[in-house]
Number of protein chains: 2
Amino acid sequence: MMTTTKSASALPLNTILDGDCVAEMAKLPDGSVDLIFADPPYNLQLKGELHRPDNSRVDAVDDAWDQFSSFEAYDRFTSAWLAEAKRILKPDGAIWVIGSYHNVFRLGAELQNQGFWILNDVVWRKSNPMPNFRGKRLTNAHETLIWASRSEGAKYTFNYEALKALNEGVQMRSDWVLPICTGHERIKGADGAKAHPTQKPEALLHRVILATTQVGDVVLDPFFGTGTTGAVAKMLGRDFIGIEREATYREVAKTRIAKIRKFDRQALEVTASKRAEPRVPFGQLIERGMLRPGEELWSLNGRHKAKVRADGTLIGDDIKGSIHQVGAALEGAPSCNGWTYWAFKRDGKMVPIDLLRQQIRAEMHAH
Amino acid sequence: MMTTTKSASALPLNTILDGDCVAEMAKLPDGSVDLIFADPPYNLQLKGELHRPDNSRVDAVDDAWDQFSSFEAYDRFTSAWLAEAKRILKPDGAIWVIGSYHNVFRLGAELQNQGFWILNDVVWRKSNPMPNFRGKRLTNAHETLIWASRSEGAKYTFNYEALKALNEGVQMRSDWVLPICTGHERIKGADGAKAHPTQKPEALLHRVILATTQVGDVVLDPFFGTGTTGAVAKMLGRDFIGIEREATYREVAKTRIAKIRKFDRQALEVTASKRAEPRVPFGQLIERGMLRPGEELWSLNGRHKAKVRADGTLIGDDIKGSIHQVGAALEGAPSCNGWTYWAFKRDGKMVPIDLLRQQIRAEMHAH
DNA sequence: AACGACCTTGAATCATACA
DNA sequence: GTGTATGATTCAAGGTCGT
């Protein structure tokens, strides 16, 4: 059986594939990429090229039937590339799509129809949008991104602490204020005209990739354009796969990405979640003699106490169990993190037991 | 031919109709209302309970009216009420719908399918949203409104100058920062519980109605709830028609609206006070490429240096954290303003990082 | 009266490793 | 696959109460 071209090791990493995105994705193996970032065309310029089922040509889009049929064509296109996208995503992978009100509702609905599970919609609030010159509508000052996991209940990567750090210590919100792509970042041709009409700012991709991938992950962009996704992926130590059918865009992207340098290892380390720390059983504090059986623990709020037993359980008034179970029971709470709830006394001072766990973890890191 | 009950003069102005929105709209004549504002059920699909980190329980939207068996069922519902909405709208009328990522993509797609013409999508950026307690996603800090005319090319009302005035003389953008409905405005029952789980702020309706209707216009709200649309319409001298099938909500709305005075200049609108300087997270300098991950920063006193990481934290000798935290630690000080402490090198010169922040703020002010 | 400490709350698709 | 035990996790407003 011939599967070489579909083995994960054969992924065309850090290259730009030449062709239609559906056809090129079809060549990639199932479950092989970690993240997809897609900035699909907002309208397919179907006007004049659209045909009814009976092959008659639709030459105007000015009545209800034609409007509907053009949306139908857009939906078919969306459905086709999203189906391939879903197939090549790893089970715990995720997808980002970006659009404006012209197409984003169709994108979002089709994502849901195909069983993707929306995690957030994110508003890119442009700090320098184009004004509405005619004064007939509101300044169209934002675009919408949708972040979705491959299916309901699937795991996904989210570097919560890194994004919180990026936002000065407060949780990152679903509205991101970023400037549009201008100045020296905006790629221009020899004639001074912009190389691509909808080049996305690197800052946007920086946030997307930092938030939802790990170093070494594979990021695929089926509408690669001038390669912003690839450029930022490379900087951030991720691998990319681009798909682009316009030769001029591919050329611009290739030159652009070749100039990019990956950030050094230390710069790429980001603040990690506590969840990633190794688990330390409470019993180990007793085994190591950091706490003695029979010693009393106090709740940090001072309202409760319990006694340590040799097996690492606690015993309070009429209640026995783990540090978590006893804490929860005493507080009448559905759950309780015993590590941050209990303290012991040393030299007259209350010391949180979590300090002992940190000691053990520090030792583990040293080895 | 008997058309009396469907003549415009027979419109049930400034009343709340008791019943299902499709059935009640069906009784209204073609082309009879100027504006529809619709806040349909969001189909949240919540699974379990959610607790805050302090173990308190979040009071979720678990009402029967928000439950749908599938996307197909939700789409059928949406299609049915939008078809009636379109029929009763005047040819030059318009519609607003509001939703979150759970339902808004389906709403927007169905609007387009039925031939409505989207004029803007508008983001309501909540100044005080509920955080994401488990740190698993971004704070869901916005909802989306869609503003559409009845069909492509149709005329519509847009009070451009009024909105510009409301926005301190600059063109109103498609992102609106408004607080959620709390405090005295939030209607509560005798037991102190909220009368309706999803009451919208009057400021939001104020802006919608002011922007897209004239005095004397008829505004219909098919999901009237506790009557925010009616209350604001009355204040602003517009007529309203509400439809609501829950008797308790109708009762609350009736009492509420009876107390409203037309043209009462209450403090509805968010105070247009001059805001403090916008907070700029340090991470934005990295995202925007003003500083590179791996780049070194020097303290202005020349005694210390540290390296920038991709998430906007610094790493020095044995110390990681924000620009403020690392500065404080290196100086042995309780606190430190990192913005005025750190500098980077460009062309052999030391440049304070605060200069970059000032650049960003200047951009923000310019728009 | 003014201020500060403390408490409550909001349209939420909110966990995961291990046995 | 399922069940159980561990244990990680919040921001801005507004209201209440005590000094």
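This is a predicted model: local features need pLDDT of at least 70, side-chain atom pairs count only at pLDDT 80 or more; totals for chains, interfaces and linings use all residues.
**Notebook: helix packing and salt bridges**

Entry 1. I then checked the hand: H3(A) passes H3(B) in a left-handed crossing.

Which residues of H3(A) meet H3(B)? I listed A:Val104, A:Phe105, A:Arg106, A:Gly108, A:Ala109, A:Gln112 and A:Asn113. On the H3(B) side I found B:Val104, B:Phe105, B:Arg106, B:Gly108, B:Ala109, B:Gln112 and B:Asn113. Sorted by class, the residues of this contact come to 6 nonpolar, 6 polar and 2 charged.

**Entry 2. The chain A and chain B contact.** I moved out to the whole interface. Chain A gives 76 residues to the contact, and chain B gives 76 residues. Between them the two chains bury about 6700 Å². Carbon and sulfur atoms hold 50% of that area.

How many salt bridges lie between chain A and chain B? I counted 6. I picked out a salt bridge that joins the side chains of A:Asp175 and B:Arg125, at 2.8 Å from N to O.

**Entry 3. H5 against H6 in chain A.** I turned to a helix pair within one chain. H5 of chain A spans residues 202-212, and H6 of chain A spans residues 228-235. They pack at an angle of about 55°, with their axes 9 Å apart. That angle makes H5(A) oblique to H6(A). H5(A) passes H6(A) in a right-handed crossing.

From H5(A) I noted A:Glu202, A:Leu205, A:His206 and A:Ile209. They meet A:Thr228, A:Thr229, A:Ala231, A:Val232, A:Ala233 and A:Met235 of H6(A). By class I have 6 nonpolar, 3 polar and 1 charged residues in this contact.

**Entry 4. Salt bridges overall.** I took the total over all chains: 37 salt bridges. One that I followed up pairs the side chains of A:Lys200 and A:Asp39, at 3.0 Å from N to O. A:Lys200 sits in the loop between strand S6 (175-178) and H5 of chain A, and A:Asp39 in the loop between strand S2 (33-38) and helix H2 (64-88) of chain A, so the pair ties together parts 161 residues apart in sequence.

How values were computed: Residues are numbered from 1 along each chain as its sequence is written. Chains are lettered from A and ligands numbered from 1 in the order in which they are written. Side-chain values use heavy atoms; hydrogens and water are left out. A crossing is left-handed if the near helix is turned anticlockwise from the far one by less than a right angle, and right-handed if clockwise. Helices (H or I, at least four residues) and strands (E, at least two) are DSSP runs, numbered from the N terminus. Contact means heavy atoms within 4.5 Å. Ala, Val, Leu, Ile, Met, Phe, Trp, Tyr, Cys and Pro count as nonpolar, Asp, Glu, Lys and Arg as charged, and the others, Gly among them, as polar. Buried area is the accessible area (1.4 Å probe) that two parts lose on being put together, summed over both. A salt bridge is a side-chain nitrogen of Lys or Arg within 4 Å of a carboxyl oxygen of Asp or Glu. Axes are lines fitted to C-alpha atoms, for helices over the stretch in contact, and angles run from 0 to 180 degrees between N-to-C directions. Angles under 35 degrees count as roughly parallel, over 145 as roughly antiparallel, 65 to 115 as roughly perpendicular and the rest as oblique.
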